[in-house]
Amino acid sequence: MTGSPLHLPHDVSRRDFIRLSAAVAAAGILLPSTKPVAAQTMTSSECELLLLAIDVARSAGAQYADGRIIRTQFEAIGAREQMITQVQSTDSFGINVRALVGGSWGFSATQVLTRDAVAAMAREAVAIATANNEVAPSETVLAQVDVFPDADWITPHTVDPFDVSLEDKAALLLRINEEALRVNNIRFSNSSILSVKEERLLATSEGSVIRQTLLRINPSINITAISPDGSDFQTRGAVVEPAGRGYEYIRGLELASSAEGWAEEAAMKLEAPSVEPGKWDLILHPSNLWLTIHESIGHPTELDRALGFEANYAGTSFIYPPEDVINKLRLGPEFLQFVGNRTEFGGCATTGWDDEGVPAEIWPIIEDGLFVDYQTTREQADWISQYTGITRSHGCSYGQNWESMPFQRMPNVSMLPGENDLSEDDVIGNTDRGILVEGRGSYSIDQQRYNIQFAGQVFWEIRNGRKYRMLRDVAYVGRTPEFWNALDTIGGPSTYYLGASFGDAKGQPIQVNAVSHGCPISLFRDIDIINTA
Amino acid sequence: MAEEKGLSSDDLKALSDRIIQLSNADQCRVNINSSWRGYTRVATNRITSAGGADATSINITSVFGKRVASVSTNSFEDDALLVAVRRSETLARLAPESPEYVDELNLQSYQDNQAYYESTGELEAITRAEAAAIAIRQAESAGQIAASYMDVRAGTRSVATSNGVYGSHSSTGVAYTLTSRTRDGLQSGWAGDEANDWNNIEGQRIADDAIAKCRDWRKTDLDPGQYTVILEPTALGMLMLRMMNSFNQRTADEGRSYFSKTGGGNRIGEKLFDDRINIYSDPAYRDAETSPFNNSGQPINRQDWIRSGTVEDLARSRFWAGQLDQEPLPSPSNLIMAGGNDSLEEMIASTKRGVLLTRFWYIRGLNPRIISYTGLTRDGTFLIEDGKITRPVTNFRFNQSLVEMLQNIEMIGPSVRVAASENSSVSTPIVVPTLKVRGFNLSSVSDAI
């Protein structure tokens, strides 16, 4: 049923590549490899242009201005069964400026990097801010931040994903699909690798000039099994996580040798019994729990959301109002600890400085089960400092590209592992009748983050402390505060795992943020399970 | 702010020609999208962000035999274009052959549908701010808090191939949405419009409706269950935007869709929905106009998908059509569900017990075999008893098959263009009616307001 796979002719491709390189060299074209063609670092002339934008904005009446030159590169390669379906390289480069007039912001951006265009852009940002301030004036206080006149940061990595040849990536994807398609009833296998590089130069009217290069990589595999009579199909996806790392991360995942196992899980789902709805103990593997954390802890602790700034789209928050919840709202047992962490190794939201020049940091969000602090930017810190005692920004400002006005975005929000180093087997062993959920599935939560409904990829029925059989059609539902207070047992550092999304959406115009969440395996008692069939 | 938005159609043609001249590939395709976007966002009764940007992106696809790769750049200086063309050629030569690649199209003809409205293309930041201020003032005087978003776009896109295709199309779009909440956070109301033509955005009505829906009533509980519901057009549009993705023949033929026939093949020609369901797409539909071509340069024309409840056709790519020896059929670029004559008042008056739904949030797929989705009601959920709206009720999560929804129709109102995207950006134009449906599964209560 798997058709006749077409094998990639590795040697032929390699010869082609060598011949092409020679031809290109002979033609004198500056194209040595598959590296991005763009300059890898910001030049001094680009820095001058950015400082010009800041100066023009200040001269035009902004009391504060900041700006960015950002180059974002994507490379996507995708395969379906034994064919390459997508090879796409994207390069986008431009400049922006954000100006504060009175208490109002104005923002403008352009991809035309001439002195005239940049000056016009800066004046337009000030004009928009001025118009807003006249029509609907407001107040803005920016938290103090140290000035970093010449700073650099790059995502820790050993292999830049853009230095790895397309040929190597294609061979890996075809190999993954080939392994998956060996399994009975597996009819389709899609795999892809998305690589991202952001080169960002930030300048502020306070004197900071910060250069950063952020790398992220997203491997994706989705395997489909179809029953022999065609009456049913099941999929296994979300098998591995994106990361803020280099290509060495992909090489360490052993994707090809694992593909057959994931395919077997997809095929097993065809035969698995449908879940009996009702109350079950629930063990969430970190590959599933990270997204529940993202939705039920990450989002409601965004301060702009809590205060109504996202009311027309992403929603508000049940963690509100600040004066009634900071150091007062219990969100889980005493052993529950969450931190905001922009320094976590491998995190998709890990950085050196944020989009306002605030250095990356770690801070507590939930301490001993109690909510203690929100995610903030420079203008937000002042809104809650009287309750937190913290006057600095937590450094959560980010704009997704040169066209995008920065605003508060989620840092890596991670749950710390338990002090007792319980293993996955220990946690399963602590469960008489439960369901272990692996991988993220369909997920949905209301706009104040109360009502959760999350599915997964693979569900194991646990009986008497052991995996008994696979189930299907499982989703867990609940109300966030009760759900987290039902947390009973957490695994130790050996079960800690970083899950991630490239697609955290917020804002109007919508912007996408990449973010990671670390967590240990966790056991929740008496959770409502529904059948989604 | 009233400068020309993006590059002109002539500029795009010149750029495309230049790129094709530079190409050494067997075949080459150039897609250019040049547009301006302006926006104004309000929250807590003040303008929190406003801005604009011109952006042009050029996507170059190079083909050698069946080896294909694309490179996208936003730089259109000669040197940068040459580098991008050569890079796409390098990548294409490195790429393994794509057995499903179908040759680039040659000369095509496209219908001429006017989708660019100067009223939208020339909208200035101050006009956006003034429109926002109307709602801010009105919310303030009602003791409420306004959060709104106005998204404005104007631009031109083009497609050109080395085999002779050229098409360009200019369009505008504007979406304006408003959420108004009580200061205690116990009630919320929403209204919004989306159009190609700014003159069809009814700012005053949006302010009136959102603020009226946010009446300072205390919400009361209502048990979850299966209810007769009246889906306002926005609520229905948000679901139909998802349903569009199911109109695909290949996934049906491959056994991965509701439209798959058990034992193989698909269900084109079968009557699967209520007789009154007629769904089609039409790039020339007034004030929901879209491009008359897709990215590969295929013409997009009016197409029935569901006629009188029967599946008329499903989209198939050029490759899939070739396998089946059929004509290709591009995916829809907008969606229109034909309306009926039932008014909202008649729907409410004829309802003994039901729920009126304004819009949804966080809609996610559950089971593609029955096209089921989950999501939550939001910003205006009201109980109807004995033919009258009696009180606002808590929000709900729904778990609902859209197939069943389109089988359980009670009444159909006139169709209107709606802001169907959850983030309220200008999106795929969706034109749908108010729909009264029985047996809609409101599966659990949401405490969110």
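## A sheet in chain A

In chain A, strand E9 (residues 338-341) and strand E10 (residues 362-367) run antiparallel and are joined over four bridges. Within this pair, A:Gly340 sits opposite A:Trp363 of E10(A). Please keep in mind that the model is predicted.

These two strands belong to an open sheet of four strands in chain A, ordered E11-E10-E9-E14 and paired in the antiparallel sense. Strand E11 (370-371) and strand E14 (412-415) form the edges; each has a single partner strand, so one side of each has no neighbour in the sheet. As a reminder, strands of a sheet pair through backbone hydrogen bonds, either parallel or antiparallel.

## The two domains of chain A

Let us step back to the whole chain. The domain assignment divides chain A into domain 1 (44-271) and domain 2 (278-531). Their C-alpha centres are 22 Å apart, and the contact between them draws 41 residues from domain 1 of chain A and 36 residues from domain 2 of chain A.

Which elements of chain A give two or more residues to the side of domain 1 that touches domain 2? They are strand E1 (64-80), strand E2 (83-101), E3, strand E4 (151-154), strand E5 (186-204), strand E6 (209-226) and H6 of chain A. E2(A) gives the most, with six residues. By class, this side of domain 1 of chain A holds 21 nonpolar, eleven polar and nine charged residues.

## Helices packed in chain A

Helix H4 (residues 166-181) and helix H6 (residues 255-271) of chain A pack with their axes 7 Å apart, at an angle of about 30°. H4(A) and H6(A) are therefore roughly parallel to each other, and their crossing is right-handed.

The contact of H4(A) with H6(A) includes eight nonpolar and three charged residues, with no polar ones.

## The two domains of chain B

For chain B, the domain assignment gives domain 1 (9-213), while domain 2 is made of 217-247 + 269-312 + 332-449. The centres of these two domains, taken over C-alpha atoms, are separated by 25 Å. In the contact, 38 residues of domain 1 of chain B meet 30 residues of domain 2 of chain B.

Strand E4 (144-161), strand E5 (166-182) and strand E6 (188-195) of chain B each bring at least two residues to the side of domain 1 that touches domain 2. The largest share, eight residues, is supplied by E5(B). Sorted by class, this side of domain 1 of chain B has eleven nonpolar, 20 polar and seven charged residues.

## Helices packed in chain B

Chain B has a helix pair to look at as well. Helix H4 (residues 125-141) and helix H5 (residues 203-213) of chain B pack at an angle of about 30°, and their axes are 10 Å apart. H4(B) and H5(B) are therefore roughly parallel to each other, and they cross in a right-handed way.

From H4(B), the residues B:Ala131, B:Ile134, B:Ala135, B:Gln138 and B:Ala139 meet B:Gly203, B:Gln204, B:Ala207 and B:Ile211 of H5(B). Six of the residues in this contact are nonpolar and three are polar, with no charged ones.

## Where the chains meet

The contact between the chains involves 77 residues from chain B and 72 residues from chain A. On the chain B side, strand E2 (residues 46-64) gives the most, with twelve residues. The side of chain B that touches chain A divides into 30 nonpolar, 31 polar and 16 charged residues.

Strand pairing also links the two chains: strand E3 (residues 104-110) of chain A and E2(B) pair in the parallel sense over three bridges. Here, A:Ser108 has B:Gly52 in E2(B) as its bridge partner.

## Backbone details to check

Two cis peptide bonds in chain A may interest you. One joins A:Tyr320 and A:Pro321, with omega about -5°, and A:Pro321 lies in the loop between helix H8 (303-306) and helix H9 (322-325) of chain A. Another joins A:Gln508 and A:Pro509, with omega about 0°; A:Pro509 is found in the loop between strand E20 (497-506) and strand E21 (511-519) of chain A.

In chain B, B:Ile371 has a positive phi, near 45°, although this residue is not a glycine. B:Ile371 lies in the loop between strand E12 (353-367) and strand E13 (372-385) of chain B.

Terms used. Residues are numbered from 1 along each chain as its sequence is written. Chains are lettered from A and ligands numbered from 1 in the order in which they are written. This is a predicted model: local features need pLDDT of at least 70, side-chain atom pairs count only at pLDDT 80 or more; totals for chains, interfaces and linings use all residues. Domain bounds come from an automatic or database domain assignment. Two residues are in contact if their C-beta atoms, placed from the backbone, lie within 7 Å. Ala, Val, Leu, Ile, Met, Phe, Trp, Tyr, Cys and Pro count as nonpolar, Asp, Glu, Lys and Arg as charged, and the others, Gly among them, as polar. Two strands pair if DSSP finds at least two bridges between them. Axes are lines fitted to C-alpha atoms, for helices over the stretch in contact, and angles run from 0 to 180 degrees between N-to-C directions. Angles under 35 degrees count as roughly parallel, over 145 as roughly antiparallel, 65 to 115 as roughly perpendicular and the rest as oblique. A crossing is left-handed if the near helix is turned anticlockwise from the far one by less than a right angle, and right-handed if clockwise.
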